[in-house]
Amino acid sequence: GPVHINVPFREPLYPADGFKWQYSKRVPVVKRSFTVRNLDHGQWDMLLQEWSKARKILVVGGQGSYSKTLCTALERFCRHTLVPIAGDVVSNLAGVAGLIQHVEIILEADEAVLETLKPDLLISFNQAIVSKNLKLFLRKYQPSQHWHVQLDQFPSDTFNCLSQIIPMDPAAFFDKLTGIVKQRTNNPWYKLWQKFETKAKQITRTFLSKDHFNELQVTGEIINRLGGKHLHLSNSSPVRLADLIGVIPEIIEISANRGTSGIDGCTSTAVGHALVNERTNVLITGDMAFFYDRNAFWHHYKLPNLKIIILNNHGGGIFKLIPGPREQPELEELFVTQQSLTAKNSADDFGLKYLYCNKPDDVFKRLEQLFETHDHATVLEIEFNQELGNIYQELKQGINKEL
C-alpha cells in the first residue's frame with residue numbers, strides 16, 4: 001500500500017554556493033512548569049527575580065483568535081509596565097493601544113539599530129509568527145531569557161532560545177503579572193520601540209500614497225474599507241503584504257492558515273467561516289492560492305456573505321522576494337510557475353458573480369460593487385503587471401533611508 005513519509009527540513013532551505021552544513025552539538029534544556037491554571041508562589045518568585053534583572057523586556061504575540069479579554073489585559077499590562085508589545089497581522093491584537101504592528105519594517109534597519117532593539121527578556125504567547133524579520137532578529141539577537149505563555153500543547157522553539165514554558169491562559173498571566181510587578185512611569189526602551197513604530201507607519205503611509213498601481217497599495221485600500229468585516233488572508237503574498245501595511249482596529253478578526261503555511265486550503269477555510277457565521281467574510285488571495293483550491297466551491301451554498309479578492313500577478317511572485325528562491329536558476333520554472341489564467345472561467349463554473357479590474361481608476365468602483373452584492377458569493381479579480389519584487393525593493397530603499 002501507499003507510504004507517507006514526513007521529513008522536517010531545517011533552514012536554510014536554499015543554500016548558497018559553497019555552503020557547508022554544520023550541526024550544533026548543543027542540546028537545549030527547556031524547563032516546563034507542570035500546572036494548569038496558575039503557578040505556585042515559588043514559581044512566581046522565580047519569574048519575578050528574572051524580571052527584575054531584565055532592563056529590556058519585549059512581549060510578542062503570535063497567531064491567535066480575537067479576544068477582548070486578552071486585549072484589555074495587555075493594555076493594562078502595557079500602561080503599568082511600559083513594556084513594548086509587538087504583534088503581527090495574525091495576532092488579532094490591532095485593538096491594543098500602542099501595539100508595535102510594523103515589526104517587519106522596523107527590523108529592516110541596519111545592524112546598529114538592531115543591536116539597540118535586542119531584548120534581555122522575551123515573553124511570547126499564542127502560535128505562529130508571520131514576520132520573517134522578527135524570527136531572524138530574535139534568532140540572531142537572542143535574549144537571556146525567553147518565556148512562552150501557552151495553556152495547551154508544547155510550543156515550538158521558534159527563536160532557538162526558549163527557557164521557560166508557562167502553561168497559563170495569556171490573559172490571566174498578564175493580569176497577574178500586572179498586579180505583582182512595580183509600576184513604571186518612564187522607560188526609554190518603550191519609547192525607542194514607539195519611535196520606530198511611528199517611523200515605520202510614516203514610511204508605509206508615504207509609500208501607499210504614491211501614484212502607483214501595485215499589490216501593496218491595493219491591499220492597503222482594501223483593508224481601509226473593511227471595518228467590521230472578517231478578513232481572511234491567504235499564503236503567501238497577501239498575508240505578508242497585510243503584515244507590512246498593518247491593520248485598523250475596526251477589523252474584528254483576521255484568519256490565515258499559518259503554522260502549516262502553504263497555499264492549499266486557504267479558500268476552503270474562508271468558505272467554512274462564511275458557512276457558519278453571518279458576518280461579511282473577505283478573502284484576499286493570490287492567483288496561485290485561488291487556482292490551487294478551486295474545489296472549495298464544489299458545494300451548493302450561495303454564500304452571499306463571502307467576498308473574494310484575487311491579486312493576480314500570474315505566478316508565485318512571493319518567491320522573487322524571498323532570499324534563496326530568487327537566486328536559484330529554476331526560479332521562474334519551478335518556484336514562480338508563471339501562468340496565464342484569469343478567474344473568469346472558474347467563477348462561471350461555480351456560479352459566482354465575477355468582477356474584474358486592471359487599472360487604478362477602477363479599483364474603488366469595483367470594491368463598491370463587491371460589497372453591494374448580496375445574493376451570491378462574489379469574486380473581484382485585480383490583475384497586475386508590475387513585478388512584486390520591484391515594489392518591495394522600492395519600499396526597502398525607503399525604509400533603509402528613513403531608519
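A salt bridge here means a side-chain nitrogen of Lys or Arg within 4 Å of a carboxyl oxygen of Asp or Glu. Keep that in mind for later. What you're looking at is a predicted model, where local features need pLDDT of at least 70, side-chain atom pairs count only at pLDDT 80 or more, and totals for chains, interfaces and linings use all residues. Residues are numbered from 1 along each chain as its sequence is written, and side-chain values use heavy atoms, with hydrogens and water left out.

Let's start with the strands. Helices (H or I, at least four residues) and strands (E, at least two) are DSSP runs, numbered from the N terminus, and two strands pair if DSSP finds at least two bridges between them. An open sheet is built from 6 strands, in the order β1-β6-β5-β4-β2-β3, with parallel pairing. At its edges sit β1 (31-32) and β3 (85-87), each pairing on one side only. Strand β6 (residues 164-166) joins β1 through 2 bridges, and R32 faces I165 of β6.

Is β7 covered on one face or both? Both: H230 and H232 on one side, and L231 and L233 on the other, are all buried (under 20% relative accessible area; exposed is over 50%, partly exposed in between, using a 1.4 Å probe and protein chains only). In general, side chains in a regular strand alternate between the two faces of the sheet.

L233 also belongs to the largest nonpolar core, which has 68 residues (such a core is a set of buried Ala, Val, Leu, Ile, Met, Phe, Trp, Tyr and Cys residues joined through side-chain atoms within 4.5 Å). Along with V89, L107, W193 and L216, L233 touches the most other members. Helix α7 (residues 188-208) gives the most to this core, 7 residues.

Now back to the salt bridges: the whole structure has 5, including these.

| Pair | Closest N to O |
|---|---|
| E75 and R79 | 3.6 Å |

E75 and R79 are 4 residues apart in helix α2 (residues 68-81), so about one helical turn separates them. R76 in helix α2 and D175 in helix α6 (residues 170-180) link distant parts of the chain, 99 residues apart.
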